[in-house]
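User: I would like to learn how to read sheets and surface patches in a model such as this one. Could you take me through them step by step?

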Amino acid sequence: MAAAHRTSRALVAVFAASILVATGCTTGGPAATTAPTAAATVAVQKGGRIIEGTFSDIRTLQPVLVADTPSGRITDLIYDRLIQADPQNGEPKPRMATFTAGAGGKSYTFTLNANANWSDGKPIIAEDWATGVKAVAMSKITVRKSDFSNIEGFQEFADGKATTISGIVIDPANPKKWTVTLKAVQCDGIFQMSGYTLPAHVFGKYVAAGQADAIDKAAENDNPTVFSGPYKFKEWRKGDQVILTRNDSYWQGAPHTDEYVYKVVADATVLAAQLKTGELNFGTIEPKDLADMERVDSVKISKYQNLGYTYIGWRVNSPTATALADKRVRQALAYGLNMDDVIKAVLFGEGQKQVAHHVPVQWAYPAPATLNAYPYDTAKAEQLIKDAGYTKGADGFYAKDGKTISFTIRTNSGNKTRETLAQVAAEQYKKIGVDAKTQFEAFQGLVTQLQEGHQSIEAVIIGWALGNSVDPYTIWHSSNTPDPATKKTGFNFTFFKSAEVDKAIEEGRSPASGDCSVATRKGHYATMNKILNEEQPYNFGFANNTLAVTAKNLENFKPGPFSAIYNMHEWWFKK
Amino acid sequence: VRKYIARRLLYAIPTLIGISIIVFAISRLAPGDPVQLYTFGIQDITQADVDRIRAAHGLDKPMPLQYITWATNAIQGDFGRSIIYPSQNASRLIIERIPNTIQLAVAALLLQLLIGVPLGIIAALNRGKIIDQIARFFSTIGQAVPDFWMGLVFIIIFSVTLRLLPSQGMLTIGKDQWDLADRLRHIIMPAFVLAFGGIALFTRLLRTETLEVIRQDYIRTAEAKGLTDRVVVYRHALRNALIPVVTALGGVLTFLISGALVIEQVFTWPGVGQLTFQSAVAKDYPVVMAGVMIASTMLVISYLLRDLTYALVDPRIKVG
């Protein structure tokens, strides 16, 4: 469940290793050393404390206001979700509620588990879920409006024109059952609607009609008192740690461990050191620390592909790096960079080359055979550049009409992975006659320039953390291209636009036919990935492995590609 | 004296206003938009969302108006709502952490005085001897070595290699809040690293001053009267040698507050410095402003205290 689920909804740019770690939203691959058999044969031992390391403190305990991965980790442990992504394949699975889709894909009916109670003994009911939706509607600072804006009557309620949300109808005979009606089909909407079940008997008073944004200032936001998740909130020592304790009335049964602590540490080196000493017993390490960690007897390491990738984005309409407008040049830049070398150098082999948007563990990932793998081939790269009308000058660089193929790859300083990728790329591109430079700068300025579509951006290295939803609308749809003239911002900052890609994305997201079947959607995403693979608006870089480290005696840690902590209530320490 | 204090506090007002304008301008003119940072990468975020959040924080208004609004509220103690801690007030976030920073600063100050002052005197009294040379060597190192670097070296030596001291935080997980021994183990390394520069400063200062003072006529007179060396040094020389120490104290306090910013980061010490640093990175304007203004006010007060202390150690100086 949980963290992965949260990140699922957020594409959360991977701007620092900290987020990567905090994400912990593990992925795929062989869950190497976990031993599920142990739990089956040995009696579970109760007690102990899970201590997870993080680089960033949480920022809120109110799920409606969460915008970062660490806060999502904690709110997911204290407020359970209706739906979870299957840890192995990402498909929506019942958790606290079962669901059925109505005909045409425009409605869903949810029924909460009969045993699902709040920690104060009150049953969890439909009204609690509606309270979460209303809270999102009324908050002025939430980033989650789009989760529910597709529900009939949501906007009217948010605007104060209605006192209830017409698209939410609670079964008069069963307070645990309700139906949601949508304005349009939204294939991945089930994840978003899974939403935030808040205790109505606590937060209800803040979301009554006429309360304006009272929910943003509710005292219980950061001092919650009633819980539905496996753990209860105990204390938030800001900047230092968050302490949760076992919720004995958890509907899936009380967790085996007594406490969960989310501990802030300075950086990856400290985190690795504390995993070795046992001060932490759960955390994610960087590839550079892997060899060292493998020599430690007291831990076990689980590897899985991360649900995200690091890429070089080419600004296709750059007024200064005009060569990047030519598809052949961009393809040459794919052939001309030995990504396997990069993966060895920066990830110590713990990753794999990406040549399209979706990552292999997502069901939307197309059959590899349909994609060009762009094997390292400098001759082919140079040929493509020549085909584009460039000739090599005395300086060794290709040029056309007196203009050399030249651009600056920018990335955020301090991120060693990205800095190394930039340096290796610049070096290797020189070998194919391309004058690439590097520039490292503060993340804040770079991100703002990207989203605002500054002309000065020619090439950029950054990363996407993808989530449960496979919908790439926010990244690739042309409507999300920034427009400096109208001050419109967006994440499609390479300015790549394709009517065909738009159509494929729209059909995969909200098909006119209402057909949300995996088979049909897979076809749409195959089309999109094929075009992106051919057009190369990004050099799609690589998807790294997540390297989760746990204490050797922690049993039942069974991370899947889409979540590491969905079963935390079943974890236990063998004494 | 009361009048003097009132007048000094009155003078502080234009200083604080000046600081607030400069910090306000710098934080906003530096590249990067806090709301765009906050919403970067969020799936299905819309322009309307970004605009709404910006408006909720008043960031859609012209800058001068933003400042006036901020100043009006700040006078009433309301520094606004944090942008990245959405359910927290900026001033509350800062105030919660002040005790942690003060603990660290006071511990460091004590170390500076307890080590620096005696070391300086001993060095002066043993001028040219081996102990003097050692003291001078360390005081040079202390001035030259950047504290964040020393922090990391200490962590490697005392935490990673020797496993003697914890490297992070204020308290071992699971220990009681009031476990003083555990707290002491946590504070010793950051406090010492933070103090190191100051120890060097005080050693040098005391050494120079003591050398100066023991050449004065009244010391010779005291010695001539047949007083023991001990009495001469402690009653006559030390008291006069301490005056520049008090002067330096104001500067040291400034350093402790600003230096804590780096040290808190290195040792994950949850103080004001760590928060202000992280807020500056995330461009959380309200918290940065609250942090700077509260630190500035503390500084103004510490200077005032320093000047009042003068009167205590030097009867020739009168306040008022």
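Analyst: Please keep in mind that this is a predicted model. In chain A, four strands form an open sheet in the order β4-β5-β7-β6, and their pairing is antiparallel.

User: Which strands of chain A stand at the edges of this sheet?

Analyst: The edges are β4 (97–101) and β6 (168–170) of chain A, and because each has a single partner strand, one side of each is left without a neighbour in the sheet. Neighbouring strands of this sheet are turned by 20° against each other on average, direction ignored.

User: What holds strands together in general, and how does β4(A) pair with β5 of chain A?

Analyst: Strands of a sheet pair through backbone hydrogen bonds, in either a parallel or an antiparallel sense. Here β4(A) and β5 (residues 107–112) of chain A are joined in the antiparallel sense over five bridges, and A:T111 in β5(A) is the residue opposite A:T98.

User: What is the strand order in the open sheet of three strands in chain A?

Analyst: That sheet runs β15-β16-β17 in chain A, again with antiparallel pairing, and its edge strands, β15 (391–392) and β17 (403–404), each pair on one side only. Between β15(A) and β16 (residues 398–400) of chain A there are two bridges, with A:A399 in β16(A) as the bridge partner of A:T391.

User: Which helix of chain B gives the most to the nonpolar patch?

Analyst: Helix α6 (residues 130–144) of chain B does, with five residues; the patch covers about 580 Å² and includes B:I122, B:I130 and B:F138. B:I130, which lies in helix α6 of chain B, counts as exposed because its relative accessible area is 61%, where exposed means over 50%.

Methods. Residues numbered from 1 in each chain as written. Chains lettered and ligands numbered in written order. Predicted model: local features only at pLDDT ≥ 70, side-chain atom pairs only at ≥ 80, totals over all residues. Heavy atoms only, no water. Patch = residues over 30% accessible without salt bridge, like charges linked within 9 Å, V, L, I, M, F, W, Y side chains within 5 Å. Areas by Shrake-Rupley, 256 points an atom, 1.4 Å probe, with all protein chains shown as cover. Salt bridge = Lys/Arg side-chain N within 4 Å of Asp/Glu carboxyl O. Buried < 20%, exposed > 50% of the residue type's maximum accessible area, 1.4 Å probe, protein only. Pairing = 2+ DSSP bridges. Axes fitted to C-alpha atoms, helices over the stretch in contact; angles between N-to-C directions.
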